[in-house]
Amino acid sequence: MKSMDKIREAARDPYGYAESYKTRTHKKVVGYFCSYAPEEIIWAAGALPLRIFSRKSGIHLADRHLQSYCCSLVRGVLEDALSGTLKFLDGVVFPHTCDSIQRLSDIWRLNVPYGFHIDVVLPVKLNTDSARAYMIDVFRAFRTDLEKKLDVRITDDALKASMGLYNELRSLLGQIYEMRAQNPEIISGSDVYSIMKAAMIMDRREMLTLLNEGVLELKQKKSAGAAAGRKRVILSGGICDFPDVYPMIEEAGGAVVWDDLCMGTRTFAGDFATKADPVEAIAGRYLDRIVCPAKHSGLTNRADHLVKIVRERDAQGVIILLLKFCDPHAFDYPHLKNTLEKEGIPNLLLEVEDQLPPDGQLRTRFEAFLEML
Ligand code: SF4
Ligand code: SF4
(Lines give C-alpha, C1' and ligand atoms only; values in the text may rest on other atoms or scores of the structure.)
(Ligands and ions follow the chains in the order given, each with its own letter.)
Protein backbone atom coordinates (compact mmCIF):
# COMPACT_ATOMS: atom_id res chain seq x y z
CA MET A 1 0.00 0.00 0.00
CA LYS A 2 1.49 3.33 -1.11
CA SER A 3 -0.27 5.14 1.73
CA MET A 4 1.61 2.97 4.21
CA ASP A 5 4.70 5.18 4.56
CA LYS A 6 2.83 7.92 6.44
CA ILE A 7 0.94 5.37 8.50
CA ARG A 8 4.09 3.48 9.49
CA GLU A 9 5.82 6.72 10.43
CA ALA A 10 2.95 7.86 12.68
CA ALA A 11 2.80 4.42 14.33
CA ARG A 12 6.57 4.47 14.87
CA ASP A 13 6.61 7.95 16.41
CA PRO A 14 3.14 8.90 17.75
CA TYR A 15 4.36 11.83 19.84
CA GLY A 16 6.42 13.25 16.97
CA TYR A 17 3.34 13.05 14.75
CA ALA A 18 1.14 14.78 17.34
CA GLU A 19 3.62 17.58 17.95
CA SER A 20 3.99 18.35 14.27
CA TYR A 21 0.19 18.16 13.84
CA LYS A 22 -0.16 20.78 16.56
CA THR A 23 2.40 23.08 14.97
CA ARG A 24 0.81 22.63 11.57
CA THR A 25 -2.84 23.08 12.53
CA HIS A 26 -2.73 25.01 15.85
CA LYS A 27 -5.34 22.55 17.10
CA LYS A 28 -5.46 20.98 20.55
CA VAL A 29 -4.25 17.44 21.23
CA VAL A 30 -6.04 15.44 23.93
CA GLY A 31 -4.41 12.23 25.14
CA TYR A 32 -6.49 9.26 26.18
CA PHE A 33 -6.04 5.79 27.56
CA CYS A 34 -7.98 2.69 26.80
CA SER A 35 -10.48 1.83 24.07
CA TYR A 36 -13.31 2.91 26.41
CA ALA A 37 -12.49 6.62 25.99
CA PRO A 38 -15.24 8.20 23.85
CA GLU A 39 -12.88 9.66 21.30
CA GLU A 40 -15.78 10.67 19.04
CA ILE A 41 -16.61 13.41 21.58
CA ILE A 42 -13.00 14.64 21.64
CA TRP A 43 -12.94 14.86 17.85
CA ALA A 44 -16.29 16.69 17.86
CA ALA A 45 -14.70 19.27 20.18
CA GLY A 46 -12.20 20.08 17.41
CA ALA A 47 -9.24 18.38 19.13
CA LEU A 48 -7.09 15.44 18.03
CA PRO A 49 -7.68 12.36 20.23
CA LEU A 50 -4.28 10.72 20.77
CA ARG A 51 -4.09 7.27 22.29
CA ILE A 52 -1.12 7.32 24.63
CA PHE A 53 1.42 4.56 24.21
CA SER A 54 4.30 4.15 26.56
CA ARG A 55 8.01 4.44 26.07
CA LYS A 56 9.60 1.05 26.05
CA SER A 57 12.57 1.42 28.34
CA GLY A 58 14.46 3.62 30.78
CA ILE A 59 11.80 3.83 33.48
CA HIS A 60 13.16 5.67 36.56
CA LEU A 61 10.89 8.57 37.60
CA ALA A 62 7.73 6.44 37.55
CA ASP A 63 9.27 4.01 40.04
CA ARG A 64 8.84 6.64 42.77
CA HIS A 65 5.07 6.32 42.38
CA LEU A 66 4.29 2.88 41.00
CA GLN A 67 5.44 -0.51 42.18
CA SER A 68 7.50 -2.54 39.78
CA TYR A 69 4.65 -5.07 39.62
CA CYS A 70 2.44 -2.61 37.70
CA CYS A 71 2.19 -3.29 33.99
CA SER A 72 4.85 -1.74 31.80
CA LEU A 73 2.24 0.33 29.95
CA VAL A 74 1.22 2.48 32.93
CA ARG A 75 4.79 2.72 34.22
CA GLY A 76 6.09 3.80 30.83
CA VAL A 77 3.35 6.35 30.31
CA LEU A 78 3.91 7.87 33.74
CA GLU A 79 7.61 8.13 32.98
CA ASP A 80 6.79 10.04 29.79
CA ALA A 81 4.48 12.36 31.71
CA LEU A 82 6.93 13.06 34.55
CA SER A 83 9.88 13.57 32.24
CA GLY A 84 7.94 16.17 30.22
CA THR A 85 7.85 14.08 27.03
CA LEU A 86 4.06 14.54 26.96
CA LYS A 87 4.18 18.28 27.62
CA PHE A 88 2.65 18.98 24.22
CA LEU A 89 -0.68 17.48 25.39
CA ASP A 90 -3.44 19.97 26.16
CA GLY A 91 -5.12 17.47 28.45
CA VAL A 92 -5.61 13.80 29.22
CA VAL A 93 -8.74 11.67 29.56
CA PHE A 94 -8.79 8.69 31.92
CA PRO A 95 -11.67 6.26 31.47
CA HIS A 96 -12.02 4.14 34.60
CA THR A 97 -11.32 0.60 33.50
CA CYS A 98 -8.51 -1.50 35.00
CA ASP A 99 -7.11 -0.68 38.46
CA SER A 100 -3.77 0.35 37.00
CA ILE A 101 -5.27 3.05 34.78
CA GLN A 102 -7.42 4.30 37.68
CA ARG A 103 -4.38 4.61 39.97
CA LEU A 104 -2.39 6.20 37.17
CA SER A 105 -5.10 8.83 36.97
CA ASP A 106 -4.71 9.71 40.68
CA ILE A 107 -0.93 9.90 40.46
CA TRP A 108 -1.15 11.98 37.29
CA ARG A 109 -3.57 14.47 38.86
CA LEU A 110 -1.23 15.04 41.79
CA ASN A 111 2.11 15.05 39.99
CA VAL A 112 1.84 16.13 36.37
CA PRO A 113 1.77 19.93 36.24
CA TYR A 114 0.61 20.50 32.66
CA GLY A 115 -2.59 19.94 30.69
CA PHE A 116 -6.09 19.32 32.01
CA HIS A 117 -7.20 16.05 33.55
CA ILE A 118 -10.62 14.45 33.14
CA ASP A 119 -11.79 11.21 34.73
CA VAL A 120 -14.57 9.37 32.93
CA VAL A 121 -15.94 7.14 35.68
CA LEU A 122 -17.63 4.38 33.71
CA PRO A 123 -19.79 1.59 35.12
CA VAL A 124 -18.05 -1.77 35.51
CA LYS A 125 -21.07 -3.89 34.70
CA LEU A 126 -22.42 -2.93 31.30
CA ASN A 127 -25.39 -5.18 30.65
CA THR A 128 -28.10 -3.66 32.83
CA ASP A 129 -30.61 -0.84 32.29
CA SER A 130 -29.16 1.15 35.18
CA ALA A 131 -25.63 0.83 33.73
CA ARG A 132 -26.97 2.13 30.41
CA ALA A 133 -28.59 5.17 32.03
CA TYR A 134 -25.47 5.80 34.12
CA MET A 135 -23.10 5.51 31.14
CA ILE A 136 -25.15 8.04 29.17
CA ASP A 137 -24.99 10.47 32.11
CA VAL A 138 -21.22 9.97 32.37
CA PHE A 139 -20.77 10.74 28.67
CA ARG A 140 -22.98 13.84 29.00
CA ALA A 141 -20.86 15.05 31.91
CA PHE A 142 -17.73 14.35 29.84
CA ARG A 143 -19.09 16.48 27.00
CA THR A 144 -19.66 19.37 29.43
CA ASP A 145 -16.25 18.95 31.11
CA LEU A 146 -14.50 18.93 27.75
CA GLU A 147 -16.38 22.04 26.63
CA LYS A 148 -15.14 23.88 29.71
CA LYS A 149 -11.56 22.66 29.45
CA LEU A 150 -11.24 23.41 25.73
CA ASP A 151 -13.45 26.49 25.85
CA VAL A 152 -15.62 25.32 22.96
CA ARG A 153 -19.24 24.27 22.39
CA ILE A 154 -19.73 20.71 21.27
CA THR A 155 -22.89 20.82 19.21
CA ASP A 156 -25.13 17.89 18.31
CA ASP A 157 -24.23 18.51 14.66
CA ALA A 158 -20.51 18.23 15.45
CA LEU A 159 -21.14 14.98 17.33
CA LYS A 160 -23.14 13.57 14.43
CA ALA A 161 -20.41 14.57 11.96
CA SER A 162 -17.82 12.91 14.18
CA MET A 163 -19.92 9.73 14.36
CA GLY A 164 -20.18 9.73 10.57
CA LEU A 165 -16.39 10.02 10.22
CA TYR A 166 -15.76 7.25 12.75
CA ASN A 167 -18.32 5.03 11.01
CA GLU A 168 -16.40 5.40 7.75
CA LEU A 169 -13.04 4.82 9.42
CA ARG A 170 -14.23 1.74 11.29
CA SER A 171 -15.84 0.31 8.20
CA LEU A 172 -12.53 0.61 6.29
CA LEU A 173 -10.59 -1.00 9.15
CA GLY A 174 -13.14 -3.84 9.16
CA GLN A 175 -12.74 -4.26 5.39
CA ILE A 176 -8.96 -4.58 5.75
CA TYR A 177 -9.48 -7.25 8.41
CA GLU A 178 -11.97 -9.10 6.20
CA MET A 179 -9.66 -9.06 3.18
CA ARG A 180 -6.74 -10.27 5.26
CA ALA A 181 -8.88 -13.06 6.74
CA GLN A 182 -9.70 -14.23 3.22
CA ASN A 183 -6.14 -14.00 1.97
CA PRO A 184 -3.48 -13.29 4.59
CA GLU A 185 -0.85 -12.81 1.85
CA ILE A 186 -2.49 -9.57 0.81
CA ILE A 187 -0.99 -7.46 3.60
CA SER A 188 1.63 -8.12 6.24
CA GLY A 189 0.66 -8.39 9.89
CA SER A 190 3.08 -5.56 10.68
CA ASP A 191 1.27 -3.25 8.29
CA VAL A 192 -2.10 -4.10 9.87
CA TYR A 193 -0.51 -3.43 13.26
CA SER A 194 0.69 0.01 12.07
CA ILE A 195 -2.73 0.81 10.58
CA MET A 196 -4.54 0.03 13.84
CA LYS A 197 -2.08 2.08 15.83
CA ALA A 198 -2.15 5.03 13.42
CA ALA A 199 -5.97 5.04 13.52
CA MET A 200 -5.64 6.09 17.16
CA ILE A 201 -2.99 8.72 16.46
CA MET A 202 -3.40 10.47 13.13
CA ASP A 203 -5.71 13.27 12.09
CA ARG A 204 -8.82 11.15 11.50
CA ARG A 205 -9.62 12.89 8.19
CA GLU A 206 -6.10 12.28 6.91
CA MET A 207 -6.39 8.67 8.08
CA LEU A 208 -9.67 8.30 6.23
CA THR A 209 -8.08 9.47 2.97
CA LEU A 210 -5.12 7.13 3.41
CA LEU A 211 -7.36 4.18 4.27
CA ASN A 212 -9.63 4.82 1.29
CA GLU A 213 -6.57 4.70 -0.99
CA GLY A 214 -5.23 1.64 0.80
CA VAL A 215 -8.48 -0.33 0.65
CA LEU A 216 -8.79 0.41 -3.07
CA GLU A 217 -5.26 -0.94 -3.65
CA LEU A 218 -5.96 -4.04 -1.57
CA LYS A 219 -9.15 -4.72 -3.51
CA GLN A 220 -7.16 -4.54 -6.76
CA LYS A 221 -4.61 -7.05 -5.58
CA LYS A 222 -7.17 -9.19 -3.74
CA SER A 223 -6.91 -12.07 -6.15
CA ALA A 224 -3.14 -11.84 -6.54
CA GLY A 225 -1.05 -14.38 -4.63
CA ALA A 226 -2.77 -17.37 -3.16
CA ALA A 227 -2.64 -18.00 0.57
CA ALA A 228 0.61 -19.92 1.03
CA GLY A 229 -0.71 -22.73 3.23
CA ARG A 230 -0.08 -20.83 6.41
CA LYS A 231 -1.55 -21.92 9.73
CA ARG A 232 -4.44 -19.60 10.51
CA VAL A 233 -4.42 -18.22 14.03
CA ILE A 234 -6.34 -15.73 16.15
CA LEU A 235 -4.53 -13.33 18.48
CA SER A 236 -6.22 -12.66 21.78
CA GLY A 237 -5.25 -11.26 25.13
CA GLY A 238 -4.56 -8.12 26.98
CA ILE A 239 -1.84 -6.13 25.49
CA CYS A 240 -3.02 -2.55 25.46
CA ASP A 241 0.08 -1.57 23.50
CA PHE A 242 1.53 -4.83 22.37
CA PRO A 243 4.79 -5.17 20.51
CA ASP A 244 4.80 -6.13 16.85
CA VAL A 245 4.96 -9.93 17.02
CA TYR A 246 3.58 -10.47 13.52
CA PRO A 247 6.87 -10.97 11.63
CA MET A 248 7.82 -13.79 14.01
CA ILE A 249 4.47 -15.53 13.57
CA GLU A 250 4.68 -15.18 9.80
CA GLU A 251 8.27 -16.40 9.62
CA ALA A 252 7.23 -19.41 11.70
CA GLY A 253 4.59 -20.26 9.06
CA GLY A 254 1.51 -18.70 10.62
CA ALA A 255 -0.91 -15.98 9.62
CA VAL A 256 -3.00 -13.94 12.03
CA VAL A 257 -6.46 -13.89 10.46
CA TRP A 258 -8.39 -12.08 13.20
CA ASP A 259 -7.94 -10.87 16.75
CA ASP A 260 -9.65 -10.00 19.98
CA LEU A 261 -7.37 -7.20 21.06
CA CYS A 262 -7.67 -3.73 22.43
CA MET A 263 -5.44 -2.50 19.63
CA GLY A 264 -7.27 -4.63 17.11
CA THR A 265 -10.92 -5.44 16.55
CA ARG A 266 -12.09 -3.60 19.68
CA THR A 267 -11.05 -0.41 17.89
CA PHE A 268 -13.58 -0.82 15.09
CA ALA A 269 -16.14 -3.25 16.53
CA GLY A 270 -19.61 -2.14 17.53
CA ASP A 271 -22.17 0.19 16.01
CA PHE A 272 -23.61 3.40 17.34
CA ALA A 273 -27.05 2.92 18.82
CA THR A 274 -29.89 4.26 16.69
CA LYS A 275 -30.86 7.14 18.96
CA ALA A 276 -31.74 10.71 18.11
CA ASP A 277 -29.48 12.01 20.86
CA PRO A 278 -25.87 11.60 19.64
CA VAL A 279 -24.49 11.11 23.15
CA GLU A 280 -26.90 8.21 23.72
CA ALA A 281 -25.92 6.78 20.35
CA ILE A 282 -22.20 6.98 21.19
CA ALA A 283 -22.70 5.48 24.66
CA GLY A 284 -24.64 2.61 23.05
CA ARG A 285 -21.58 1.49 21.12
CA TYR A 286 -19.38 1.31 24.22
CA LEU A 287 -22.09 -0.56 26.11
CA ASP A 288 -22.85 -3.15 23.45
CA ARG A 289 -19.39 -3.80 21.99
CA ILE A 290 -17.65 -7.00 23.11
CA VAL A 291 -16.11 -6.18 26.50
CA CYS A 292 -12.54 -6.39 27.67
CA PRO A 293 -12.10 -8.19 31.02
CA ALA A 294 -11.85 -4.89 32.89
CA LYS A 295 -15.64 -4.71 32.28
CA HIS A 296 -18.40 -7.19 32.86
CA SER A 297 -21.22 -8.19 30.55
CA GLY A 298 -22.11 -11.80 31.34
CA LEU A 299 -19.95 -14.61 32.66
CA THR A 300 -19.16 -16.38 29.42
CA ASN A 301 -19.47 -13.81 26.68
CA ARG A 302 -15.75 -13.23 26.15
CA ALA A 303 -14.97 -16.92 25.81
CA ASP A 304 -18.07 -17.45 23.64
CA HIS A 305 -16.92 -14.59 21.42
CA LEU A 306 -13.44 -16.07 21.09
CA VAL A 307 -14.81 -19.48 20.06
CA LYS A 308 -17.16 -17.76 17.62
CA ILE A 309 -14.38 -15.87 15.84
CA VAL A 310 -12.23 -19.02 15.66
CA ARG A 311 -15.09 -20.82 13.87
CA GLU A 312 -16.10 -17.88 11.69
CA ARG A 313 -12.54 -17.19 10.54
CA ASP A 314 -11.68 -20.86 10.04
CA ALA A 315 -8.73 -20.54 12.44
CA GLN A 316 -6.71 -23.51 13.64
CA GLY A 317 -5.54 -22.09 16.95
CA VAL A 318 -5.40 -19.14 19.32
CA ILE A 319 -2.32 -17.31 20.59
CA ILE A 320 -3.03 -15.45 23.82
CA LEU A 321 -0.68 -12.57 24.59
CA LEU A 322 -0.58 -11.47 28.17
CA LEU A 323 1.30 -8.39 29.30
CA LYS A 324 3.20 -9.13 32.48
CA PHE A 325 1.30 -7.85 35.56
CA CYS A 326 -1.91 -7.15 33.64
CA ASP A 327 -4.35 -8.46 36.24
CA PRO A 328 -7.73 -8.18 34.44
CA HIS A 329 -6.51 -10.29 31.56
CA ALA A 330 -4.65 -12.70 33.83
CA PHE A 331 -7.88 -13.35 35.76
CA ASP A 332 -9.70 -13.87 32.47
CA TYR A 333 -7.24 -16.40 31.11
CA PRO A 334 -8.23 -19.61 32.99
CA HIS A 335 -11.82 -19.39 31.76
CA LEU A 336 -10.73 -18.64 28.19
CA LYS A 337 -8.32 -21.57 28.27
CA ASN A 338 -10.90 -23.99 29.71
CA THR A 339 -13.45 -23.03 27.10
CA LEU A 340 -10.96 -23.35 24.23
CA GLU A 341 -9.86 -26.79 25.51
CA LYS A 342 -13.47 -27.96 25.80
CA GLU A 343 -14.01 -26.88 22.21
CA GLY A 344 -10.83 -28.67 21.12
CA ILE A 345 -9.14 -25.45 19.99
CA PRO A 346 -5.34 -25.50 20.45
CA ASN A 347 -4.04 -22.46 22.28
CA LEU A 348 -0.76 -20.96 23.42
CA LEU A 349 -0.20 -18.46 26.22
CA LEU A 350 2.70 -16.05 25.91
CA GLU A 351 3.50 -13.66 28.70
CA VAL A 352 5.37 -10.71 27.25
CA GLU A 353 6.59 -7.26 28.20
CA ASP A 354 6.75 -4.15 26.05
CA GLN A 355 10.32 -5.19 25.33
CA LEU A 356 10.28 -8.48 23.50
CA PRO A 357 12.70 -11.18 24.70
CA PRO A 358 15.57 -12.10 22.39
CA ASP A 359 14.19 -13.10 19.02
CA GLY A 360 14.99 -16.81 19.28
CA GLN A 361 12.91 -17.49 22.40
CA LEU A 362 9.56 -16.33 21.03
CA ARG A 363 10.23 -17.65 17.55
CA THR A 364 10.85 -21.15 18.92
CA ARG A 365 7.59 -21.07 20.84
CA PHE A 366 5.62 -19.88 17.81
CA GLU A 367 7.24 -22.54 15.63
CA ALA A 368 6.51 -25.31 18.13
CA PHE A 369 2.87 -24.24 18.45
CA LEU A 370 2.29 -23.81 14.71
CA GLU A 371 3.88 -27.16 13.91
CA MET A 372 1.40 -28.78 16.28
CA LEU A 373 -1.64 -27.35 14.47
S1 SF4 B 1 -7.48 -3.98 27.60
FE2 SF4 B 1 -9.37 -3.12 28.43
S3 SF4 B 1 -8.76 -1.83 30.16
FE4 SF4 B 1 -6.92 -2.25 28.97
S5 SF4 B 1 -6.78 -0.47 27.62
FE6 SF4 B 1 -7.87 -2.09 26.50
S7 SF4 B 1 -10.06 -1.71 26.84
FE8 SF4 B 1 -8.88 -0.55 28.36
S1 SF4 C 1 -2.04 -3.84 30.26
FE2 SF4 C 1 -3.66 -4.50 31.67
S3 SF4 C 1 -3.15 -3.58 33.64
FE4 SF4 C 1 -2.00 -2.48 32.03
S5 SF4 C 1 -3.27 -0.75 31.46
FE6 SF4 C 1 -3.79 -2.43 30.07
S7 SF4 C 1 -5.55 -3.51 31.01
FE8 SF4 C 1 -4.57 -2.21 32.56
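**Exercise 1.** Are F94 and W108 buried or exposed? Work out, too, how their rings are arranged.

*Solution.* This is a predicted model. Start with accessibility: F94 and W108 are both buried. Next, look at the ring geometry. A search through the whole structure turns up ten aromatic pairs. One of them is F94 with W108, edge-to-face, at 5.4 Å centre to centre and 70° between the planes. Then place the pair: F94 sits in strand 3 and W108 in helix 5, 14 residues apart.

**Exercise 2.** Classify the ring pair Y177 and W258.

*Solution.* The ring centres are 5.2 Å apart. The planes meet at 90°, and over 60 degrees counts as edge-to-face, so that's what this pair is. Y177 belongs to helix 7 and W258 to strand 6, 81 residues apart. For burial, the cut-off is under 20% relative accessible area. Y177 has 1%, so Y177 is buried. W258 comes in at 8%, so W258 is buried as well.

**Exercise 3.** Describe the surroundings of N347.

*Solution.* N347 is in strand 8. Its relative accessible area is 12%, so N347 counts as buried. Leaving out residues up to four places away in sequence, N347 touches several others, among them V318, Y333 and F369.

How values were computed: Residues numbered from 1 in each chain as written. Chains lettered and ligands numbered in written order. Predicted model: local features only at pLDDT ≥ 70, side-chain atom pairs only at ≥ 80, totals over all residues. Heavy atoms only, no water. Helix = DSSP H or I, 4+ residues; strand = E, 2+ residues; numbered from the N terminus. Buried < 20%, exposed > 50% of the residue type's maximum accessible area, 1.4 Å probe, protein only. Contact = heavy atoms within 4.5 Å. Phe/Tyr/Trp six-rings, centres within 6.5 Å; stacked < 30°, edge-to-face > 60°.
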